[in-house]
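Trainee: Before we start, could I put some questions to you about the model on the screen?

Mentor: Go ahead, and keep both the sequence and the picture in view.

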Amino acid sequence: MSVKFFGQFLLERGRILKEELMDALDFQKSVNVKLGTLALDAGYLKAEQIEGIHSEQQRTDKMFGEIALEQNLLSPEQLEELLVIQKNERITLGEALVQKGYLTLGDLEVELTAYKEEQKGYTVQARQAIENLQGGQIADTFLDVTAKLLLRLVDMEVQPIESHNDKERIAPFMWNVYQQFFGDTDGTYIISLSDEPFLKIASQVAHEKIWEVNDFAKDSVMEFANIVVGNTASKLSQEDIRVDLKPSKVVTSLGNIEIPENADQTIAVSLASQSYSLQVSVVYSPPQKS
Amino acid sequence: MSEGKVRILAVDDSLVTLKILKKTLKDTEFEVVGEVTSGEEGLVKFDELKPDLVLLDIIMPGMDGIQTLENLVEKDPNVKAVMVSSMGAKEKVMESLEKGAKNFVMKPYEKGTLIEVLKKVLNEG
């Protein structure tokens, strides 16, 4: 199981054709309206004010409506009115597929139930492992997916031991597997670990016992990082945060980890299972929102 | 090589992934007849092997999976390419499909899901 969007799920199950998915997404896009556009339509805001709010969003990581209220550009009543309109005009992909005649309502219900069941996939323990952390949406998503995939692919159930925000302490162990991402947020995801958990992950991912940290073991742990980061990107895309990825790498010192210059936020979490400990860090820039 | 099997070219920069793929498809109607770790090599092998299906990872050093796909479609507009990647962001899935991929399977995948998708793509004509 992986973190996928509903359209991908339907496609894999053969419930819709790729042309139908593309058509429904186009249709959905055409009827989903941004708050700024609605405010413009209603005559509450001018384009220049909307652009100003967008710039502020990039700087502060706040919601559009929140900034409009703070700057007294919209009254609470106006915002409420726009949100109601936006909610009513927003349709889900499922609704778009039904409206376009690619799924019946009955099919949609069945598929949504199956989708939710598959995507649930997190155990209570994995959820507990990350639920009290205060890392912001980006870091939370990375940590959530890491905990889930450690359990699912490595059979390693982890709990957080401590967390910190020190960029200089993201590589406490011998092996550091990292992967860069860029787009609405730029940053680097790092798993730092010693030989034992490294070989445990390598063996579990490769489905065979690996005894030493050789190139094959490194390839295996890099693939684990790649799956974590790729699945995280999928999940973030559902929140309209778009990131692209570079390939993962393994290095043995902090100085060799590539981190984008604008990535100024760090969250590092030490995780421990019954037998192993490791640290997962995310160094990233505040997300730009559309 | 077994007679009558569906011949697959796999392009993925991870040797582990290629090994798992071969294990996954063992004893099925599919056979990995070529495996390469870069898009550039994939294009060469495609000409050489003329496979029935091509499986493409997306995130690879050098030419990525989507660029490789574009090149493959240029060589053969009817190429049956399936993306097999952990990078399932909505935009990447859609970009792949728009550029000619027949389907998209996300890692980690279940064996049954992969085989069903491959069968479906094969039977789409």
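This is a predicted model: local features need pLDDT of at least 70, side-chain atom pairs count only at pLDDT 80 or more; totals for chains, interfaces and linings use all residues.

Trainee: What span of chain B does UniProt list for "domain: Response regulatory"?

Mentor: The name comes from an unreviewed UniProt entry. In the model, the span it covers is 47% helix and 22% strand, and its end C-alpha atoms lie 11 Å apart. The record lists residues 7–122 of chain B.

Trainee: Is strand 1 of chain B enclosed by the rest of the structure or exposed?

Mentor: Strand 1 of chain B covers residues 6–11. A residue is buried when its relative accessible area is under 20%. Five of the six residues of strand 1 of chain B are buried, so this strand is largely enclosed by the rest of the structure.

Trainee: Which residue in strand 2 of chain B is the bridge partner of B:Ala10?

Mentor: Strand 2 of chain B, residues 30–36, pairs with strand 1 of chain B in the parallel sense. Six bridges make up that pairing. In strand 2 of chain B, the partner of B:Ala10 is B:Glu35.

Trainee: Are helix 1 and helix 5 of chain B roughly parallel or roughly perpendicular to each other?

Mentor: Two packed helices are described by the angle between their axes and the distance between the axes. For helix 1 (residues 15–25) and helix 5 (residues 111–123) of chain B, the angle is about 75 degrees and the axes are 10 Å apart. Angles of 65 to 115 degrees count as roughly perpendicular. Helix 1 and helix 5 of chain B are therefore roughly perpendicular.

Trainee: How many residues of the contact of helix 1 with helix 5 of chain B are nonpolar?

Mentor: Helix 1 of chain B brings B:Leu21, B:Thr24 and B:Leu25 to the contact, and helix 5 of chain B brings B:Lys111, B:Leu114, B:Ile115 and B:Leu118. Of the residues in this contact, one is polar and one is charged. The number of nonpolar residues is five.

Trainee: Is B:Lys50 buried or exposed?

Mentor: B:Lys50 is in the loop between helix 2 (39–49) and strand 3 (53–56) of chain B. Its phi is near 45 degrees, a positive value in a residue other than glycine. With a relative accessible area of 54%, B:Lys50 is exposed.

Trainee: What is the relative accessibility of A:Asp240?

Mentor: A:Asp240 lies in the loop between helix 12 (215–237) and strand 4 (243–245) of chain A. Its phi is positive, about 65 degrees, although A:Asp240 is not a glycine. A:Asp240 counts as partly exposed, at a relative accessibility of 36%.

Trainee: How many bridges join strand 6 of chain A to strand 7 of chain A?

Mentor: A hairpin joins these two strands through four residues. They run antiparallel, and A:Leu271 has A:Leu278 of strand 7 as its bridge partner. The number of bridges between strand 6 and strand 7 of chain A is eight.

Trainee: Which residue in strand 7 of chain A is the bridge partner of A:Tyr189?

Mentor: Strand 7 of chain A is largely enclosed by the rest of the structure, because seven of its eight residues are buried. Seven bridges join strand 7 to strand 3 (residues 187–193) of chain A, and the two run antiparallel. The partner of A:Tyr189 is A:Val282.

Definitions and conventions
Residues are numbered from 1 along each chain as its sequence is written. Chains are lettered from A and ligands numbered from 1 in the order in which they are written. Side-chain values use heavy atoms; hydrogens and water are left out. Axes are lines fitted to C-alpha atoms, for helices over the stretch in contact, and angles run from 0 to 180 degrees between N-to-C directions. Angles under 35 degrees count as roughly parallel, over 145 as roughly antiparallel, 65 to 115 as roughly perpendicular and the rest as oblique. Contact means heavy atoms within 4.5 Å. Ala, Val, Leu, Ile, Met, Phe, Trp, Tyr, Cys and Pro count as nonpolar, Asp, Glu, Lys and Arg as charged, and the others, Gly among them, as polar. Buried means under 20% relative accessible area, exposed over 50%, partly exposed in between (1.4 Å probe, protein chains only). Two strands pair if DSSP finds at least two bridges between them. UniProt positions are given in the numbering used here, feature names are shortened, and annotations may be inferred rather than shown by experiment.
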